[in-house]
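Here are some exercises to work through with the model open beside you. Try each task before you read its solution.

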Amino acid sequence: MATYEADKAKSGVQPREIETGANVVRASYISEVTHAAADIIQCVKVPSGAIIDSVVYAPPISGSAGAFQGQIGDGDDPNRFGSATLSAGAFFGDLALGYQYSLSDAADPFYDTIDVTIDAGTLTVSQGFVLIVTYHCDD
């Protein structure tokens with residue numbers, strides 16, 4: 001098992017935290033290695049207090065999509081937002097809506113990441129996906 005990062009989860013990227021209204025973050029991941037079962041791809045940093053409105057998995061803008069059985073979740077619950085066969089034509093999302101992240105959920109007290117975990121199958125070099133997360137920080 002290894003952990004990798006999409007563009008919106010890399011070191012130095014701060015979670016978006018507009019205090020009123022929606023935050024929409026689109027993470028793009030194109031693999032530079034071949035991923036197998038148990039690999040985790042951290043995609044979007046969400047701040048403590050964020051309330052999830054939508055999580056959508058989609059094929060990549062450029063490159064090709066892999067076909068694998070995967071989960072979308074976080075470090076505490078790898079399938080918080082569900083699991084499915086994620087493939088070239090898959091659009092997946094809108095599960096566990098309304099979940100609110102709190103300080104106790106995160107290894108870092110300021111944010112957690114929404115991740116894609118590969119359960120079966122592979123994601124090979126040049127294959128990837130897009131994960132779009134919408135959340136708000138106000139009640």
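**Exercise 1. The nonpolar core**

Find which residues of the largest nonpolar core touch the most other members.

Solution. Start with the rule for membership: a nonpolar core is a set of buried Ala, Val, Leu, Ile, Met, Phe, Trp, Tyr and Cys residues joined through side-chain atoms within 4.5 Å. Buried means under 20% relative accessible area, exposed over 50%, and partly exposed in between, with a 1.4 Å probe and protein chains only. The largest core holds 26 residues, and those touching the most other members are Cys43, Val46, Ile52, Ile114, Phe129 and Leu131. Next, see where the core comes from: S2, S3, strand S4 (51-58), S5, S6, S8 and S9 each supply at least two of its residues. (Strands are DSSP E runs of at least two residues and helices are H or I runs of at least four, numbered from the N terminus.)

Before you go on, a word on the model and its numbering: this is a predicted model, in which local features need pLDDT of at least 70 and side-chain atom pairs count only at pLDDT 80 or more, while totals for chains, interfaces and linings use all residues. Residues are numbered from 1 along each chain as its sequence is written, and side-chain values use heavy atoms, with hydrogens and water left out.

Not counting residues up to four places away in sequence, Ile52 touches Val46, Phe81, Leu97, Gly98, Tyr99, Tyr101, Ile114, Val133, Thr134 and Tyr135.

**Exercise 2. The whole chain**

Solution. For the contacts with a separation of 6 or more, 77% join residues 24 or more positions apart.

**Exercise 3. Strand S9 and its partners**

Decide how many residues of S9 are buried, and find the sense in which S9 pairs with S2 and with S4.

Solution. First, the burial: eight of the nine residues of S9 are buried, so this strand is largely enclosed by the rest of the structure. Second, the pairing, which requires at least two DSSP bridges between two strands. S2 and S9 are antiparallel and share nine bridges; within this pair, Tyr29 stands opposite Phe129. S4 and S9 are also antiparallel, with seven bridges, and here Val56 has Ile132 as its bridge partner.

**Exercise 4. The open sheet**

Work out the strand order of the five-stranded open sheet, and find the strands at its edges.

Solution. The order is S1-S3-S8-S5-S6, with mixed pairing. Strand S1 (3-5) and strand S6 (82-86) stand at the edges with a single partner strand each, so one side of each has no neighbour in the sheet. The average twist from one strand to the next is 30°, where the axes are lines fitted to C-alpha atoms and angles run from 0 to 180 degrees between N-to-C directions. At the S6 end, S5 and S6 run antiparallel and are joined by five bridges, with Phe68 opposite Leu86.

**Exercise 5. Positive phi**

Find where Ala38 and Ser126 are located, and give their phi values.

Solution. Most residues other than glycine have a negative phi. Ala38, in the loop between strand S2 (22-30) and strand S3 (40-47), has a positive phi of about 85°. Ser126, in the loop between strand S8 (111-121) and strand S9 (128-136), has a positive phi of about 75°. Ala38 is partly exposed because its relative accessibility is 33%, and Ser126 is partly exposed at 42%.

Technical notes. Contact means heavy atoms within 4.5 Å.
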